[in-house]
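Subject: Structure handover

Hello,

Please find the structure below. My notes on what was found in it follow directly after.

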Amino acid sequence: MTQTNKDTRPIQLLSYAYFAMALVEIIAEGIKYKPLILFSRIALPILLMTIYRLKSKKPKFLFYLLMVLLLISNLFFANESPTIFHAAIVIFIFHRITMIVLVFQLIPKKNYLYILLATFPFLVIFFYLISVTNEISDSQFNVLILQSILTSVLSGLALSSYLVADNRQNSWLLISALLLIGLRFIIFIEEYFLYDLSSPLYRPIIVLLYVFAFFTFYKFVIAAETNETNPD
């Protein structure tokens, strides 16, 4: 028991540091201190990679790739150069594709009809929001469509898996997907509907959804790896 506590203590401390860094970013967003915002956006994926490395008994390369792409997109989105911003969008799309591929690898039972049916409602909602968005360029339209499809597929995967098997692994995945949907909605509404209104609540909510979405996704990956090691 002592050895177990000793082994898990670094993971617990790093988990506390992860959420503490989220609080740091919220404060930094509130005072608009960009160096601290940038530092927290770098630190969060690194902390999560470290936690995963200590916790996982069967580490997945795609999880590390996912965190690296997240880190790079965080850095690029913080840059005000249009070229770098466009590169950030491309990296984010690869990040979401990597996430979907990893989920496919970790879900043992896949019902493609359920996935299709579960994806459809999310597509309808996202496409409706895009259709009522004014003053949007062709390039923005194409990016929004692709992002909406990828987010909907991930959400459909999570929902269909949960309906097929209501276990801890799929529960973590569903929570992560719902948090990512909430994050996507808030960013979308902020950018295209309430862009002329400034609210101090947007950024803290976005940070919290982001932090919890990826932490719960990490928990899903660990639970899936545990099921691989100890199948029912």
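I31 counts as exposed because its relative accessibility is 57% (exposed means over 50% relative accessible area and buried under 20%, with partly exposed in between; 1.4 Å probe, protein chains only). I31 is found in helix α1, residues 2–31 (helices are DSSP runs of H or I with at least four residues, and they are numbered from the N terminus). Together with L23, I27 and Y33, I31 forms a nonpolar patch on the surface, with about 430 Å² of accessible area in total. Patches are made of residues with over 30% relative accessible area and no salt bridge, nonpolar side chains (Val, Leu, Ile, Met, Phe, Trp, Tyr) being joined within 5 Å and like charges within 9 Å. A salt bridge is a side-chain nitrogen of Lys or Arg within 4 Å of a carboxyl oxygen of Asp or Glu. Areas come from the Shrake-Rupley method with a 1.4 Å probe, and for residues only the protein chains shown count as cover.

On provenance: this is a predicted model, in which local features need pLDDT of at least 70 and side-chain atom pairs count only at pLDDT 80 or more, while totals for chains, interfaces and linings use all residues. Residues are numbered from 1 along each chain as its sequence is written, and side-chain values use heavy atoms, with hydrogens and water left out.

K32 is found in the loop between α1 and α2 (34–55). K32 is exposed, with a relative accessible area of 61%. Phi of K32 is near 60°, a positive value in a residue other than glycine. Most residues other than glycine have a negative phi.

Helix α3 covers residues 61–77. Its 17 residues reach 24 Å from first C-alpha to last, close to the expected 24 Å (1.5 Å times one less than the number of residues).

L150 lies in helix α6, residues 138–164, and counts as buried at 11% relative accessibility. Leaving aside neighbours within four places in sequence, L150 is in contact (heavy atoms within 4.5 Å) with I93, R96, I97 and I100. V124 is 26 residues from L150 in sequence and 13 Å away, C-alpha to C-alpha.

T216 has its place in helix α8, residues 202–229, and is buried at 7% relative accessibility. The side chain of T216 reaches the backbone oxygen of F212 at 2.8 Å.

Regards

How values were computed:
Helices (H or I, at least four residues) and strands (E, at least two) are DSSP runs, numbered from the N terminus. A polar contact is a pair of N or O atoms within 3.5 Å; within protein, one must be able to donate a hydrogen and the other to accept it, and residues adjacent in sequence count only if both atoms are side-chain atoms.
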